[in-house]
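Reader: Could we go through this model together? I'd like to begin with the contact between the chains and then move on to the salt bridges.
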Amino acid sequence: MTTTITNNGNQIIAAFAGRLDTAAAVQTAEDIKPLLEVSGKEIILDCTELEYISSSGLRIFLTVRKDAAAHGCKVIVRNINADIRQVFVMTGFVSLFEIQ
Amino acid sequence: MDLHTEMILAEYDAKLPLVERLQKVVKSTLTDAIDRNGLVVTAVKTRLKTRDSLEGKLALKGSKYHSLSDITDILGARVITFYTDDVDRIAAMAEKLFDIDWENSVDKRRLHDTDSFGYNSLHYICRLPKSVIDDPELNDIRFELQLRTTLQHAWASINHDIGYKTGVEIPREYLRQINRLAGILEMADDEFSRIRTEITDYRRRVHQLVQNGQLSEVQLDGDTFSSYLKARPFDSLNRRIAAINQAEIQEVPLTNYLGVFKAFGCNTLGDIDQLKKRYAEDAYTLARHQLGNTDLDIISSSVGIQNICIVCILAQGGGKIGLIRLFNALNGENEQNSLLADLTYEQAKNLPFMSK
């Protein structure tokens, strides 16, 4: 599981690749810390290469969302696959994020 | 400049640091008390009279003042409220907070004759009591506190700009026009207060009806839907769904479902409650079917209401198109919503409510 963060003007993009399961969550939580410090930007959670997300992964996304709201940032979840889309619907997380 | 003016200005220079300290204490005392009393105001401002302004005042009516302490507006504080009733609330608060010099305080709102309009403001001349700060030097200085509404403030500011700033005397007909506007703003102030009181009464009545379960008597709108949600009508369904995987429930706002229920044809809170009663069991069945074979142990508090809406659409034959409309209403129009609808339809298609 890898997380790559890039700044792109008014956007900050976190690209996830691999399986965001309980084992990967600790490192990912560490990797996304730069997202928690930004303000006034759009945060893109790019899931093009993300294969799977567990509850631990959802909690990480939730942390980003809460922090972003406090800092006036918008969070967009981009390019989720069918399995992750299913998780978002089942848990009601679909109404927490803008999904593109 | 005469000797008398020079003496008062010298006193001003000497006492300025002390008055600056008073300014800070007065501002924080007012701001804290306003917050503590749950009042919302447009602004709390303080200003120190400048040396030039004081010199101008002394040039005009210097003989009236023996010393600096006779001038009560070296420090001026102003609270600007939204509503006229709040002026009285802040006044009551100030009376408890400060020692008021009643002899020199004036309620200009009551000075007008029945047929005149103009500057409306409540002016208190105050001192800081020892209960606020025990400092004899600060306790001794008087300051002016002005209380007025936003509209009174707007009128007074424009009147000052037109009438005084230019230094040119304004013809009587224009002064009359300015004062006519004061009358209109006074009416507007009273109307805003009346509307606020009526809205508060309306909310209280709605809250009472919701509390008593008389939901069919409450028309559905943003305000009443919020009252309904405060009673947490979907908690019990959410708890049942959470129990499937011993999940934690993440609180999220549900107000965006108002448009969905309106699109379903709900006109009263009772209509929503009927839908809830009718589809709660099927909404749970859908959740159990979806979550039962996963280890997802976190859900959002929107899952219950979301599943009720999904079931309502599918049970009434709304199909995938209906689901796309639902996701469009909740998430904004987006091509992902079509995929979400496909997926949800596939998950639900063999459940009992589909054949009802």
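Author: What follows is a short exchange about a predicted model, taken topic by topic.

Reader: How many residues does each chain bring to the contact?
Author: Chain B contributes 24 residues and chain A contributes 22 residues. The area buried between chain B and chain A comes to about 2100 Å², with carbon and sulfur atoms giving 58% of that area.

Reader: And which residues of chain B supply more of that area than any other three?
Author: Those are B:Leu296, B:Ile298 and B:Gln336, which together supply 25% of the area that chain B buries against chain A.

Reader: What about polar pairs and salt bridges across the interface?
Author: There are 9 residue pairs in polar contact across the interface of chain B and chain A, counting pairs in which both residues are at pLDDT 80 or more, and 2 salt bridges are found there as well. One of the salt bridges joins the side chains of B:Glu248 and A:Arg59, at 2.7 Å from N to O.

Reader: Which element of chain B gives the most to the side that touches chain A?
Author: That is α13(B), with 6 residues. The residues on this side of chain B divide into 10 nonpolar, 11 polar and 3 charged.

Reader: Switching to chain B by itself, how is it divided?
Author: The domain assignment gives domain 1 (3-152) and domain 2 (232-355), and the centres of these two domains of chain B, taken over C-alpha atoms, are separated by 58 Å.

Reader: How many salt bridges does a search of the whole structure find?
Author: Over all chains the search finds 24 salt bridges. One of the pairs within chain B is B:Arg196 with B:Asp86, whose closest N and O atoms are 3.1 Å apart. Because B:Arg196 lies in helix α6 (residues 172-211) and B:Asp86 in helix α3 (residues 84-97) of chain B, this pair ties together parts that are 110 residues apart in sequence.

Reader: Are those two residues buried or exposed?
Author: B:Asp86 is buried, with a relative accessible area of 5%, whereas B:Arg196 is partly exposed at 23%.

Reader: And where does the pair B:Glu11 and B:Lys15 sit?
Author: Both residues are in helix α1 (residues 3-36) of chain B, and because they are 4 residues apart there, about one helical turn separates them. B:Glu11 is partly exposed at 24% relative accessibility, and B:Lys15 is partly exposed at 32%.

Note on methods: Residues numbered from 1 in each chain as written. Chains lettered and ligands numbered in written order. Predicted model: local features only at pLDDT ≥ 70, side-chain atom pairs only at ≥ 80, totals over all residues. Heavy atoms only, no water. Contact = heavy atoms within 4.5 Å. Buried area = accessible area lost by both parts, 1.4 Å probe. Salt bridge = Lys/Arg side-chain N within 4 Å of Asp/Glu carboxyl O. Polar contact = N/O pair within 3.5 Å; in protein donor to acceptor, adjacent residues only side chain to side chain. Helix = DSSP H or I, 4+ residues; strand = E, 2+ residues; numbered from the N terminus. Nonpolar A, V, L, I, M, F, W, Y, C, P; charged D, E, K, R; others polar. Domains from an automatic or database assignment. Buried < 20%, exposed > 50% of the residue type's maximum accessible area, 1.4 Å probe, protein only.
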